[in-house]
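Please read them with the coordinates open.

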Amino acid sequence: MLRFLGKRLWEGMVTLAALVVATFFFMRLAPGGPFSKNRKVSADVLEHIKASFHLDEPVWMQFGRYVWGLMHLDFGPSLRFRDYSVGDLIAAGLPYSLTIGFWAIVIAALVGVALGVIGALRRNGAADYLAGTVGVIGIAVPIFVIGPLAQVVFALKLAWVPVGGSDQGWRSLVLPVVVLSLPNIAYISRLTRSSMIEVMRENYVRTARSKGIGGRRVLVGHVLKGALLPVIAYLGPATAGIITGSILIETIFAVPGIGRHFVDAALNRDYPLVMGITLLYGGLLILFNIATDLVRGWLDPKVRGHG
Amino acid sequence: MGRRSGVLWGLLASVLVLLLGMAAPVWADDTLDRGVGSEWSSLDPHVNFDAAAAWIQMDAYEGLINFDEIGQIIPGAAEKWEASPDGLTYTFHLRDGLKWSNGDKLVAQDFVNGILRTLNPDTGSEKGYYFYSTVQIKGAKDLAEGKVKDPASLGVSAPDDRTVVIQLLTPAPHMLQLMGGYHVPPLHKPSFDKYGAAVFIDPAHLVTNGAYIIKEVVPQSHVLMEKNPNYWDAANVKIPFVKYHVTEDVATELKRYQAGEIDITYDIPLNQIEDLKAATPAEVQIAPSTEITYFSFNLTHEAFKNIDLRRALSLAIDRETLEGKIVKGEAIPTFSFGGGFTPDYKGPQIAEATMTQGEREALAKDLYAKAGYGPDNPLKITVVATISEDAKRRAQGVALMWKKVLGVETDVQPMERKAWLDAFYAGTWDVFSDDLVGDFAGPETFLAYMRPSSEPGYNWVKPEYDAAMDEAAKLSDLPSRYVALAKAEKILLDDYIFAPISIVPGRHLVKPSVHGWGDSAAGYNNSQFLSLE
């Protein structure tokens, strides 16, 4: 088990290192730079500003400087948000993204699995069709349609919750959390349903039933345990994606999370911020994949042996 | 329905009940909520370069002068000032008893220190050019470029605690426009020396001299400001709190406004302007700003060396239809480059301006044929524009008109802003969908920018223009300077190196409960002049 963990962590480090190298150099291929903003500034002054961020040095030297900083856990200054370092910006935004992402994942997992189980148990019943319809809508209708619609209905017409922002405590969380969880509810319920149906046909389930074990115990102890494997495999990477923030959710609901930095930092050529965000997302993705494998190994003896 | 699924439905139902049970929001009405668009680059007053953050800055810092609700110059920290007869020396007299927000005495040297810090290369500010280019303060350029380090070499001094003297190299009657809180915020040296630039986002230690102090800064979210009791005119500041919200998405900003979360928006979605004007005309505030759009021709390309072709392309654009029916952003069509920002400047006579569109198009066709193009030999060009909604619509509209009137085949290439800026100097365009934001509401900021000596990117060689601008720069009284500037503008416009298109407006929604809002071309709408009902 420890060897498995050590090996996966080592592989993760190598992947991250490759990510740092690729992002650093590819990013600089894009035309424009962080300070090509104002055409009126004297060239000498602009050069001096660039020099103060070491952007005048050869790229390999900038890379060395960046890696050296990383070793000291320094992600560098943000070039667009001049008052903050990349570390500051992530520390300020991540709690918002984490809170919304956490609740969205919890709701998605609970409601998604519930809908999936109902669908599988009452196949072709009214509940199954309802769950199926919700699933198709959740997958097919994009967030940028559902989000504004939810704002109009629940914030403008009914005035139950604010349109956006983050200054009304938990009330500000309701719309972004619900809208972010919808597509995930859809995926998870579809996954659970099909996986449940498959597992219910397995020999070990039939054996358990024939041994006279009660329907409920078979369902929870045998069917669900087996059926949740693909759901957990999906949840790992999905969680990394959701808790690092969704650009659409954060833009539509004016949430001060870090999701917006993914796109804006690249558009602004804020090189250190792009690096910081990419590293954070990459690191979390690797960690959650490892965690997923550990949970699957715990649930499924077949996975454990092949670590 | 079985017991298990009953439990699950119960869960769903309880979530719904939770949602339904929430009360309507309660709003504190002692707070003015303002949208600022995307997040400010910096709250460091000597570095900040954003129009949106300029609002925050104008509330927090007061310059030597101030701007009233319609953008006119009024006394600020200085109660009076005078210029020497040659227009080269300005003397500002500060009010008696001025204080910083922490109670410290505010002295003339604080203003000198502010300008010195803006120019200091170590500050990394792009704003120094106001002092070495927009107006030319003695010694400013050498300090900004790091060639000279001695602060005494700067032509800004404080002979005593209540006097600031500024020496210019050339007369600049627009000087006062650059003496507000956005351009010359003073520096509170004790707090800056102790905490460095981090102090500007640290409400616990930040000291300001404007009508408001900064209480809270949350990146990507908001800046909360509270009335400054030590401001000299605090008795006339009516709103206790001002909250500036980051409103990145213009559609969300509109909904937040409609829900009552925002009192003054940063912008209005283009496709909603008509509906809003019909439904709530009094809340839609649209007025000219200091931004002009124009289409520049690449003078290094053989085809555009022909002035007839350049003029034909300019004439073929139906500006009224373009802005009114295609872009729909309420921009004001224009044929001039320096006019329309202040009523005092009349500008030169422009032949195009008095023609009908039919006459313009007929002339365009003649000139196009004269330049050697026609149905069998159409001009094929590229237009580089940004991906912003109005810039894309504008470029595509122009391409359509060129096609319809002249048969020109135009390829519009929208690109993100940074790439667009780079493309300008790379010269990889035939026509550049350009825009320019002036430093103040007057013709000179636009005309000076076009001097071949100041912007080589247009590859325009015209010693007469530089000479005419130099001539104007010698004059220290505004009326005669405007006459000279109009002569220079005539030289500029007669060369058709670009087609002026429109003056972009400021677009805001302002709640009826907000009083005191006025149209300010330079975009100064200080909260201190507003009140809430």
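**Notes on chains A and B**

1. Tyr496(B) sits in the loop between α16 (478-494) and β16 (498-509) of chain B. Helices (H or I, at least four residues) and strands (E, at least two) are DSSP runs, numbered from the N terminus. Tyr496(B) has a positive phi of about 50°, although it is not a glycine. Tyr496(B) counts as buried, with 20 C-beta neighbours inside 10 Å. The cut-offs are these: buried means 20 or more other C-beta atoms within 10 Å of the residue's own, exposed means 12 or fewer, and partly exposed lies in between, with C-beta atoms placed from the backbone.

2. A word on the source. This is a predicted model, in which local features need pLDDT of at least 70 and side-chain atom pairs count only at pLDDT 80 or more, while totals for chains, interfaces and linings use all residues. Residues are numbered from 1 along each chain as its sequence is written, and chains are lettered from A and ligands numbered from 1 in the order in which they are written.

3. Lys328(B) also deserves a look. Its phi is near 55°, a positive value in a residue other than glycine. Most residues other than glycine have a negative phi. Lys328(B) lies in the loop between α10 (319-327) and β12 (332-333) of chain B. Is Lys328(B) buried or partly exposed? Lys328(B) is partly exposed, because 17 other C-beta atoms lie within 10 Å.

4. Next, the interface. Contact is made between 47 residues of chain A and 50 residues of chain B. Two residues are in contact if their C-beta atoms, placed from the backbone, lie within 7 Å. On the chain A side, the elements giving two or more residues are α2 (43-52), α4 (86-121), α6 (143-157), α7 (170-200), α10 (247-252) and α11 (259-267). Which of them gives the most? α4(A) does, with six residues. By class, the chain A side has 25 nonpolar, 13 polar and nine charged residues. Here Ala, Val, Leu, Ile, Met, Phe, Trp, Tyr, Cys and Pro count as nonpolar, Asp, Glu, Lys and Arg as charged, and the others, Gly among them, as polar.

5. α6(A) packs with helix α7 (residues 250-258) of chain B at an angle of about 10°, and their axes are 11 Å apart. α6(A) is therefore roughly parallel to α7(B); the term covers angles under 35 degrees. Axes are lines fitted to C-alpha atoms, for helices over the stretch in contact, and angles run from 0 to 180 degrees between N-to-C directions. Pro148(A), Gln151(A), Ala155(A) and Leu156(A) of α6(A) meet Ala251(B), Lys255(B) and Gln258(B) of α7(B). This contact has four nonpolar, two polar and one charged residues.

6. Now a mixed sheet in chain B. Four strands form an open sheet in the order β1-β10-β9-β8 (chain B), with mixed pairing. Strands pair if DSSP finds at least two bridges between them. β1 (31-35) and β8 of chain B stand at the edges with a single partner strand each, so one side of each has no neighbour in the sheet. The twist averages 20° from one strand to the next. β1(B) pairs with β10 (residues 241-245) of chain B in the parallel sense over five bridges. There, Gly35(B) stands opposite His245(B). Helix α2 (residues 51-60) of chain B packs on the sheet and touches β1, β8, β9 and β10 of chain B.

7. β8 (residues 212-218) and β9 (residues 222-227) of chain B pair in the antiparallel sense over six bridges. Tyr212(B) stands opposite Lys227(B). Three residues lie between the strands, and Gln220(B) takes a positive phi near 70° in this hairpin.

8. Last, β13 (residues 380-386) of chain B. Five of its seven residues are buried. Seven bridges join β13(B) to β14 (residues 409-415) of chain B, and the two run parallel. Thr386(B) stands opposite Met415(B). The chain crosses from β13(B) through helix α12 (residues 389-406) of chain B to β14(B), and this β-α-β crossover is right-handed. Right-handed means that, with the strands pointing away from the viewer, the path from the first strand over the helix to the second runs clockwise. Two bridges join β13(B) to β15 (residues 431-437) of chain B, also parallel. Val383(B) has Val431(B) as its bridge partner there.

Technical notes
Angles under 35 degrees count as roughly parallel, over 145 as roughly antiparallel, 65 to 115 as roughly perpendicular and the rest as oblique.
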